[in-house]
Amino acid sequence: MAATAFSGSVATTRTHEYIGNSTLNQDFGNSYLQLTRKGFKIDLGRSGKKQYWTRERGSCLIQASFEATTVSDEVSTPVNSTKVESVKKPREAALILIRHGESLWNEKNLFTGCVDVPLTKKGVEEAIEAGKRISNIPVDMIYTSALIRAQMTAMLAMTQHRRKKVPIVLHNESEQAESWSQIFSQETEKQCIPVVTAWQLNERMYGELQGLNKQETADKYGKEQVHEWRRSYDIPPPNGESLEMCAERAVAYFKEHIEPQLQAGKNVMIAAHGNSLRSIIMYLDKLTSQEVISLELSTGIPMLYIVKEEKYIRRGSPAAPSEATVYAYTKNLARYRQKLDEMVH
Amino acid sequence: MAAMTFHQTIAALQFHGYHQECGNVSMKLITRGFKLETGSSKRELYNGYRKRSHGSIQASSSSFQTSDNKDPSRKSSEAALILIRHGESLWNEKNLFTGCVDVPLTKKGVEEAIEVGKRISNIPIDMIYTSSLIRAQMTAMLAMTQHRRKKVPIVMHDENEQAKAWSQIFSEETKKQCIPVVTAWQLNERMYGELQGLNKQETADKYGKEQVHEWRRSYDIPPPNGESLEMCAERAVAYFKDQIEPQLQAGKNVMIAAHGNSLRSIIMYLDKLTSQEVISLELSTGIPMLYIVKDEKYIRRGSPAAPTEAGVYAYTKNLAKYRQKLDEKRH
């Protein structure tokens with residue numbers, strides 16, 4: 001009980017430190033207690049029910065709020081926020097972006113684009129490292145591109161995840177594929193993390209440069225032309241995509257399929273490529289085309305966003321296990337990690 | 001020079017040990033092997049090596065065929081066929097019936113795949129076939145990260161026009177350095193119908209141990225809305241005969257990364273097993289099975305040794321030479 005309270009206050013203090021925006025600070029301070037109850041309420045729906053009953057023993061406050069069905073019924077909390085409406089469920093969700101590591105053509109310095117080249121040994125290790133960094137962050141849905149290097153990165157990262165849920169790749173390319181991959185146990189289905197593969201998250205299509213040696217191409221077309229194709233926003237290589245075109249289809253997919261999941265409170269992981277992820281970050285951080293050109297996303301190092309009330313708050317890269325750093329990014333994540341720790345001991 | 005002779009003798013001896021008919025063939029193999037090699041880019045190396053060491057080979061190198069019972073128009077080459085069954089998946093760990101549900105590998109499964117790769121690192125591969133399930137695809141790609149050859153596996157995409165157009169390669173030279181990877185649902189695991197996702201113990205409680213045992217181990221009794229081993233074999237072997245066999249006949253070295261039941265079906269065809277025999281056939285996970293394909297015969301050569309195990313140097317003369325080439329490139 002004391003332990004819970006302690007980590008509670010620790011988390012709050014830390015959030016106050018990190019969130020520079022004072023308005024956000026206010027909201028967070030007020031909604032802290034709301035979150036506590038909501039977190040408790042959500043988890044009851046899951047099959048891991050037993051864990052949460054211990055909280056009743058710990059705190060009378062939480063016990064009292066257990067009965068409540070809507071936040072607005074809360075009596076004992078000094079909630080002034082007008083954001084509390086029984087219609088909208090303001091929840092918090094984690095969004096993890098992972099750019100895959102080294103592929104066999106990266107190693108050979110060839111333009112890859114949408115050619116489906118797998119990872120090198122190093123790329124495999126990078127994926128496993130990324131997995132260790134996100135092992136304490138809940139994941140409810142996974143989106144990857146249609147290329148094997150992103151899919152492998154996602155699956156390798158998940159081998160390091162501490163949660164007991166199992167990623168299952170969804171197949172809907174044909175009627176048969178769909179019916180053959182059906183699961184016939186409700187309980188097992190609940191323990192699944194759906195993995196959706198989408199070509200819209202593919203790397204930028206590099207047209208007639210795909211497979212060409214970078215040096216050769218510079219010799220052939222001239223260094224400046226190649227540089228322009230690679231680094232401009234809207235000039236595509238011959239029969240290829242510009243970053244603008246890539247962004248169009250990637251962000252459209254994000255808005256249509258992924259955003260609703262986040263709004264519903266699902267924690268999402270996206271394993272994709274340099275350009276598709278830059279496009280999404282451009283949307284999340286509201287960058288200009290000038291800014292996105294110079295944006296570089298490290299390979300194999302996950303980028304964490306917290307999604308709250310339609311706002312995307314960038315929280316940086318989760319630390320490697322051996323690094324001393326902040327315990328968790330939000331109260332929910334702190335409690336999630338605590339639950340994992342309790343399950344182990 | 002002495003070393004070369006030594007290797008040849010060993011290979012020849014080993015051949016004599018395993019197959020009578022190979023005794024006659026050994027000289028042919030050497031000649032044909034030489035001929036094949038000259039076609040490759042390491043031409044100078046082999047010409048020099050061979051000419052220096054053996055007068056007889058020099059003489060026979062100019063002949064196209066040495067045997068009477070071979071049709072000159074048919075290229076009977078030797079090809080390697082590697083079968084790999086994927087390792088532990090997350091549902092294996094939880095003891096759930098998996099079938100065609102697309103469950104990925106565990107940490108252990110990943111390690112098994114890398115181990116496999118080490119065992120086959122010296123065997124040439126020209127084409128890769130996998131199922132459409134991620135655990136087999138990952139096994140194949142992880143194994144290939146250990147391969148010593150410089151060629152790069154490229155997954156083929158033909159699910160629609162755009163996928164095909166977008167994955168095109170525009171450099172001839174790069175294309176030559178590719179190992180096409182074909183994904184085929186026909187190589188998928190046996191579809192387990194209404195048992196997919198169920199706990200093995202629960203299912204035994206629900207349907208009775210004997211019924212479940214019958215579904216799992218009989219040849220032709222399918223679980224409800226699922227496939228029997230016979231049905232699985234039908235589609236897997238049909239695919240093999242239709243798509244993979246022609247590649248092997250053309251001398252391409254093929255690797256198949258798939259599942260317990262689809263691989264058993266293929267082995268049933270390769271080894272001409274009866275349905276009784278195939279039921280009791282167990283293929284180890286994470287340990288590759290090598291076949292040499294020669295003149296439409298499938299010769300099972302067992303599992304390539306792990307790097308640390310003392311084992312036979314190579315299975316055929318061609319494979320010995322291939323490995324030697326790899327070693328020379330390194331030093």
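**Close-ups of charged pairs and a listed active site**

**View 1. A salt bridge in chain A.** A:E129 and A:K132 pair up in a salt bridge, with their closest N and O atoms 3.8 Å apart; the term stands for a side-chain nitrogen of Lys or Arg within 4 Å of a carboxyl oxygen of Asp or Glu. This is a predicted model, where local features need pLDDT of at least 70, side-chain atom pairs count only at pLDDT 80 or more, and totals for chains, interfaces and linings use all residues. Residues are numbered from 1 along each chain as its sequence is written, chains are lettered from A and ligands numbered from 1 in the order in which they are written, and side-chain values use heavy atoms, leaving out hydrogens and water. A:E129 and A:K132 sit about one helical turn apart, because they are three residues apart in helix α6 (residues 121-133) of chain A. Helices (H or I, at least four residues) and strands (E, at least two) are DSSP runs, numbered from the N terminus. A:E129 is partly exposed at 35% relative accessibility. Buried means under 20% relative accessible area, exposed over 50%, and partly exposed in between (1.4 Å probe, protein chains only).

**View 2. A salt bridge between distant parts of chain B.** Here B:R300 and B:D271 form a salt bridge, the closest N and O atoms being 2.7 Å apart. B:R300 belongs to strand β7 (residues 297-302), while B:D271 lies in the loop between α13 (260-270) and α14 (275-279), 29 residues apart. B:R300 is partly exposed at 37%, and B:D271 is partly exposed too, at 25%.

View 3. UniProt, in an unreviewed entry, lists B:H86 and B:E189 under "active site"; its positions are given in the numbering used here, feature names are shortened, and annotations may be inferred rather than shown by experiment. The two span 104 residues in sequence, yet no two of their C-alpha atoms are more than 10.7 Å apart, so they gather at one spot.

**View 4. Around B:H86.** Look for B:H86 in the loop between β1 (78-85) and α5 (90-93) of chain B. B:H86 is buried, with a relative accessible area of 9%. Its side chain makes a polar contact of 3.2 Å with that of B:R135; such a contact is a pair of N or O atoms within 3.5 Å, and within protein one must be able to donate a hydrogen and the other to accept it, while residues adjacent in sequence count only if both atoms are side-chain atoms.
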